[in-house]
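Open the model in your viewer and keep the sequence panel beside it. The stops below are given in the order in which to select them.

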Amino acid sequence: MNKKYLATLLTCTTLTLTTLTSITSDTKAQTNSPKNTIFVGIVRNDAGFLYRFSGGEAISAGQAKWDTCPQNTILVGRDFQSNGFWLCASPDIANKGTFYFGNVVKDRGYHWEVSNGKAKPVGDVKWDTCWEGTLRGRRFDSNGFWVCQP
């Protein structure tokens, strides 16, 4: 092999590794970022359970005390009752507007406007209804929920 070919091959390999390292670093930064984070606490028969969103899926974070938000999130709003909920979000999105929350209890969906620490009931709806904003995620279950982010 000639030296010119080897030099070109080495340069291409170095550029490829640099690009891959950059992509990997960017992906890790986005995945571990505390920004754009939403947690949902649901209450079923007076017991609280917390979920966090990973992509569009709600992942269980276990049992939780009512109205408790994880570190680096703030309370967006709540409905305190036996089959209620609370919504927590990172500060970068918590005050950006009204969240819409679908609370499903025994296969029936109830729609809520959630903002400024309060939740206002706005009626019965079908799954994944977002009057405004974007569907952020859901827990598709007969006692599930969905969240629309402003």
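The tour goes from confidence to one strand, then to the disulfides and a loop residue.

This is a predicted model, in which local features need pLDDT of at least 70 and side-chain atom pairs count only at pLDDT 80 or more, while totals for chains, interfaces and linings use all residues. Residues are numbered from 1 along each chain as its sequence is written, and side-chain values use heavy atoms, with hydrogens and water left out.

**Confidence.** Colour the chain by pLDDT, the predictor's confidence in each residue, from 0 to 100. The chain average is 80, and 78% of the residues score at least 70. Now select residues 5-32: pLDDT is below 50 there, and the stretch has one contact in the model beyond near neighbours in sequence (contact means heavy atoms within 4.5 Å). Where pLDDT is low, the predicted coordinates should not be read in detail.

**Strand E1.** Select residues 38-44, which form strand E1; strands (E, at least two residues) are DSSP runs, numbered from the N terminus. Seven of its seven residues are buried, meaning under 20% relative accessible area, where exposed is over 50% and partly exposed lies in between (1.4 Å probe, protein chains only). Ile 38, Val 40, Ile 42 and Arg 44 point one way, with Phe 39, Gly 41 and Val 43 pointing the other way.

E5 (residues 85-89) runs antiparallel to E1, joined by five bridges, and Val 40 stands opposite Leu 87. E2 (residues 47-54) is also antiparallel to E1, over six bridges, with Phe 49 as the bridge partner of Ile 42. Two residues separate E1 from E2 in a hairpin, and Asn 45 in the turn has a positive phi of about 50°.

**Disulfides.** Show the cysteines: the whole structure has two disulfides (cysteine sulfur atoms within 2.5 Å). Cys 69 is joined to Cys 88, S to S 2.1 Å. Cys 69 lies in the loop between E3 and E4 and Cys 88 in strand E5, 19 residues apart. Cys 69 is partly exposed at 22% relative accessibility, whereas Cys 88 is buried at 0%. The other pair is Cys 130 and Cys 148, with sulfur atoms 2.0 Å apart. Its S-S torsion is about -80°, so this disulfide is left-handed.

**Thr 73.** Last, select Thr 73, in the loop between E3 (57-63) and E4 (74-79). A polar atom of the Thr 73 side chain lies 2.6 Å from the backbone oxygen of Pro 70. Which residues does Thr 73 contact, leaving aside neighbours within four places in sequence? They are Thr 37, Phe 39, Cys 88, Ala 89 and Ser 90.

Methods
Helix = DSSP H or I, 4+ residues; strand = E, 2+ residues; numbered from the N terminus. Polar contact = N/O pair within 3.5 Å; in protein donor to acceptor, adjacent residues only side chain to side chain. Pairing = 2+ DSSP bridges.
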